[in-house]
Amino acid sequence: MTAQPPPTQPNQQPADQPSSAFDFSGYRLTFPVLPRSLREFLPEPGWFGKLFAVRHMPTEAAISYVTNLILLIIGLVIAALVMLIGVPALLLGLPAIGAAGPAGIGFLLVGIVIIALALLLSVVSVIALLKIREQQNWARWLLLATTLFSIIMDATPSSTETDPIVAGAATGTGVFTTLLTLVLLALLFLPRSNAWFQAADEQKRADRAGHHGPTGPAH
């Protein structure tokens with residue numbers, strides 16, 4: 001019987017670690033090694049107990065991961081509270097929506113689609129963030145894509161807010177959040193973070209090519 005390879009461990013260290021956070025000498029980006037199965041895509045067993053275990057990560061990547069994780073937890077709590085209040089209100093308003101005819105039903109369907117899309121983006125972002133801790137290069141690109149898509153959606157002009165003070169506060173908060181998000185994403189692509197992700201990809205390429213290198217923890 002052929003032995004099954006062990007799960008990918010977030011411990012592949014680059015052979016030539018950049019000397020500083022902004023040492024771009026030899027910097028390169030390559031197409032990430034993509035997961036080949038649902039098992040490789042989903043977080044590994046025991047992930048919940050390792051949420052804040054980041055000692056194996058470069059400082060820049062660890063800062064990005066932990067900050068994103070805290071923001072994500074806060075966002076999920078807020079979303080849960082909104083759902084707790086919004087769903088009953090929606091159910092109570094169903095008769096009025098039905099009485100509005102096709103326009104009301106269309107408004108309801110659009111709202112459901114937007115909520116479903118937001119939930120899907122949240123789930124994908126959670127998976128990407130957890131896989132970043134596992135040193136998966138494709139995960140940072142996935143997080144980049146979902147984050148940029150969310151920024152574009154948030155930047156879509158809204159005509160529902162007419163109070164200039166409230167609208168201005170919302171715009172200021174949105175700009176700050178966008179800048180913070182972009183900074184956190186940039187940390188994942190700085191030289192030391194990039195070298196760390198590239199090292200794991202190189203190991204996976206070698207393993208898939210049949211040249212099995214060391215897979216034990218790096219010391």
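Predicted model: local features only at pLDDT ≥ 70, side-chain atom pairs only at ≥ 80, totals over all residues.

Guide: The protein chain has 7 helices and 0 strands, and its elements follow one another from the N terminus as α-α-α-α-α-α-α.

Visitor: What percentage of the 219 residues of the protein chain count as buried?

Guide: The buried share is 30% of the 219 residues. As for contacts with a separation of 6 or more, 80% of them in the protein chain join residues 24 or more positions apart.

Visitor: How are two packed helices described?

Guide: The description consists of the angle between the two axes and the distance between those axes. Take helix H2 (residues 59–92) and helix H4 (residues 102–133): they pack at about 155°, and their axes are 11 Å apart. Angles over 145 degrees count as roughly antiparallel, so H2 is roughly antiparallel to H4. The crossing in which H2 passes H4 is left-handed.

Visitor: Which residues of H2 and H4 meet?

Guide: From H2 come Tyr65, Asn68, Leu69, Leu72 and Leu90, and from H4 come Leu108, Val126, Leu129, Leu130 and Arg133. Sorted by class, this contact of H2 with H4 has 8 nonpolar, 1 polar and 1 charged residues.

Visitor: At what angle do H4 and H5 cross?

Guide: H4 and H5 cross at roughly 150°, and their axes come within 8 Å. H4 is therefore roughly antiparallel to H5, and the crossing of this pair is left-handed. On the H4 side the contact includes Leu117, Leu121, Ala128 and Ile132, while Trp138, Leu142, Leu143 and Phe149 are among the residues of H5. The contact of H4 with H5 divides into 12 nonpolar, 3 polar and 2 charged residues.

Visitor: How are H5 and H7 oriented to each other?

Guide: Their axes are 8 Å apart and the packing angle is about 125°; H5 and H7 are therefore oblique to each other. Asn137, Trp138 and Arg140 of H5 make this contact with Asn194, Phe197, Gln198, Asp201 and Lys204 of H7. By class, the contact of H5 with H7 has 2 nonpolar, 3 polar and 3 charged residues.

Visitor: Where do nonpolar side chains tend to be in soluble globular proteins?

Guide: In such proteins, nonpolar side chains tend to be buried together. In this model, the largest nonpolar core has 19 residues, and Met57, Tyr65, Ile132, Leu143 and Leu188 have the most contacts inside it. At least two residues of this core are supplied by each of H2, H4, helix H5 (137–154) and helix H7 (191–208).

Visitor: Which residues does Tyr65 touch, not counting those up to four places away in sequence?

Guide: Tyr65 touches Lys50, Leu51, Val54, Met57, Leu129, Leu130 and Arg133. Of these partners, Leu129, Leu130 and Arg133 also belong to the H4 side of the contact with H2.

Visitor: What separates the C-alpha atoms of Pro58 and Pro191?

Guide: The two C-alpha atoms are separated by 9.9 Å, although Pro58 and Pro191 are 133 residues apart along the chain.

Terms used:
Residues numbered from 1 in each chain as written. Heavy atoms only, no water. Axes fitted to C-alpha atoms, helices over the stretch in contact; angles between N-to-C directions. Helix = DSSP H or I, 4+ residues; strand = E, 2+ residues; numbered from the N terminus. Parallel < 35°, antiparallel > 145°, perpendicular 65-115°, else oblique. Left-handed = near helix turned anticlockwise from the far one by under 90°. Contact = heavy atoms within 4.5 Å. Nonpolar A, V, L, I, M, F, W, Y, C, P; charged D, E, K, R; others polar. Core = buried A, V, L, I, M, F, W, Y, C linked by side-chain atoms within 4.5 Å. Buried < 20%, exposed > 50% of the residue type's maximum accessible area, 1.4 Å probe, protein only.
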